[in-house]
Amino acid sequence: MTLYIDALELQAQMLRSERPAPEARSVSRRPPQLAPGRLAPGVILFGPVAFVLLWEFASAVGWISPKFLAAPSTAIVTGIELLRSGTLADHFLASAKRAYLGLGIGVAIGLVLALASGLSRIGEASIDGLVQIKRAVPTLALIPLAILWLGIGETMKVALIASSVLVPIYINTHAALTGIDIRHVELARSVGLTRGAFLREVALPGALPGFFTGLRLAVTTCWTALVVLEQINTSEGIGYLMNRARDYGQTDIIVVGLAIYAALGLGSDFAVRFWERKALSYRKAMAS
Amino acid sequence: MNVAVHSFRPEPGGRDAAVSLRNLTRRFSGRDVLSDVSLDFAPGEFVALIGKSGSGKSTLLRAIAGLDDGVAGEGTMTVPPDRSVLFQDSRLLPWKTVLQNVVFGLRAADADERGAAALTDVGLAGRETAWPNALSGGEQQRVALARSLVREPRLLLADEPFGALDALTRIKMHELLLQLVRQRQPTVLLVTHDVDEAIKLADRVLVMEAGRIVVDRPVTLAHPRAKDAGFGTLRADLLSALGVSDAA
């Protein structure tokens, strides 16, 4: 309140003379804020909410044609209808199954490769280069070969999702394993730790933060890969629903599909972050 | 200037020495960091090793600790297998609790009881389940001390263990270390750059320069050591051996 009054006073003084008198500056005691303060919880949603409101408004006054893009309210009604009829649940489950099966397999393979490569020189020599090459090749570019090898069914889709997921898992876990603090290695030697105990008690817990970074990238990657793959020969899944809607010009269903993808991506990321916070709770402890 | 006595202890140290080094040499990229060091430490002796940066004192400690493989050199060492190292940084594993850190690598059925007892000894009873990140720097170093002592080492190797602590905490740690060492009687090699710390704690002070032991002096002052005339004389001698003239 005082600040507000001070500001008014300052403004008044500025108006009185074009060049503010030196004492005018000392009216405001507040030091300049150099770094932005922290947002209150929930305020982060301001952007998305404002965007949806603006979009709804533009649709309502007719700036955006429903043929071009459905209004959020229309999409919500359509979504509820699809939910009631059970259509949405079926398609959603089909998509989730693909994504999470691919994610699970990809995480397992990525982790095994990272451990083999991060903990042995033979492993690193044989694996690291290959994964780096795989990383440079976009998943989309593998689709033709994958179709020739695995057909156009579920196997191909899950395999491609797994192959795109394993990369971030591998890269981050491997980096964390090779970046083990040399001082911890020395300590382990000075207390006479065996190699097995070193792996269990030092190397793996030390690599856990890297693994979680990889996992957060992986959950987003798996949904991204899914979107592309569900455009190919599917009869169920969110991607299929959206493709069919495109053929009939049902922009409301397309918006529903987009919203589901967004919710799933955000939800997965949130779940991983929650798990990460629990598993790495030791990091939060701070000296008083 | 009157440089302090260069008195190497009479050879040989014999079978009863806790640590025995003969003609120890270590080289980094062709340069001798340790040259021809021969030393004996008696069981239970508290030895302080001082020297300028780069004089080779840490290299000597790491050689005795067995942490210098891959470093070129020769010489023979007789060192007890049950030794433990106290590093300058506490080196606690952040993902292990305080107690888990203390008993880290300790293979004993009663490890946890011994660990808890060691924590009590360093004044940290009740903090067993705390995370290291939640402790102050001095507390972390006390956990590291407990980790070293819980192994009941016959040789304690301390590499500037108090260098990163503030002055008040350091004084407390000195008392704690002296008290615990008196109880358990390990042989101690304390590497430090602090002459006062060396005189205050040790039975014997070594000065190292360019990879050689240039001064080897017993400290016969009675504990607790006040900064009296005897302290001052020894301090001036050691400082001059380090090439520092002390006006104070």
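## Helices in chain A, a sheet in chain B

In chain A, helix H8 (residues 154-178) packs with helix H10 (residues 195-229), their axes 7 Å apart and at an angle of about 155°. That angle makes H8(A) roughly antiparallel to H10(A), where over 145 degrees counts as roughly antiparallel, under 35 as roughly parallel, 65 to 115 as roughly perpendicular and the rest as oblique. Keep in mind that this is a predicted model, in which local features need pLDDT of at least 70 and side-chain atom pairs count only at pLDDT 80 or more, while totals for chains, interfaces and linings use all residues. Residues are numbered from 1 along each chain as its sequence is written, and chains are lettered from A and ligands numbered from 1 in the order in which they are written.

**Helix pairs in chain A**

- Helices here are DSSP runs of H or I with at least four residues, strands are runs of E with at least two, and both are numbered from the N terminus.
- Axes are lines fitted to C-alpha atoms, for helices over the stretch in contact, and angles run from 0 to 180 degrees between N-to-C directions.
- H8(A) and H10(A) cross in a right-handed way; a crossing is right-handed if the near helix is turned clockwise from the far one by less than a right angle, and left-handed if anticlockwise.
- The contact of H8(A) with H10(A) has 20 nonpolar, 8 polar and 1 charged residues.
- In that count, Ala, Val, Leu, Ile, Met, Phe, Trp, Tyr, Cys and Pro are nonpolar, Asp, Glu, Lys and Arg are charged, and the others, Gly among them, are polar.
- Helix H11 (residues 238-248) and helix H12 (residues 251-279) of chain A also pack at an angle of about 155°, with their axes 8 Å apart.
- H11(A) and H12(A) are therefore roughly antiparallel to each other, and their crossing is left-handed.
- Residues making this contact include A:Leu241 and A:Ala245 of H11(A), plus A:Gly257 and A:Tyr261 of H12(A); two residues are in contact if their C-beta atoms, placed from the backbone, lie within 7 Å.
- By class, the H11(A) and H12(A) contact has 8 nonpolar, 1 polar and 1 charged residues.

**What UniProt says about chain A**

- An unreviewed UniProt entry puts "transmembrane region" at residues 39-64, 99-123, 135-152, 158-177 and 253-275 of chain A; positions use the numbering here, feature names are shortened, and annotations may be inferred rather than shown by experiment.
- Residues 99-123 of chain A are 96% helix and 0% strand, with end C-alpha atoms 29 Å apart.
- For residues 135-152 of chain A, the span is 78% helix and 0% strand, and the end C-alpha atoms lie 23 Å apart.
- The unreviewed entry also gives "domain: ABC transmembrane type-1" for residues 92-272 of chain A, a span that is 87% helix and 0% strand.

**Strands in chain B**

- Chain B has an open sheet of 3 strands in the order S2-S1-S4, with antiparallel pairing; two strands pair if DSSP finds at least two bridges between them.
- S2 (31-41) and S4 (72-78) are the edge strands, each pairing on one side only.
- Strand S1 (residues 19-28) is joined to S2(B) by 7 bridges, and B:Arg27 stands opposite B:Asp32 in S2(B).
- Helix H1 (residues 57-65) of chain B packs on the sheet and touches S1, S2 and S4.
- Elsewhere in chain B, strands S8 (residues 204-209) and S9 (residues 212-218) pair antiparallel over 6 bridges.
- In this hairpin, 2 residues sit between the strands, and B:Ala210 takes a positive phi near 45°.

**Where the chains meet**

- The contact takes 16 residues from chain B and 17 residues from chain A.
- The chain B side has 10 nonpolar, 4 polar and 2 charged residues.
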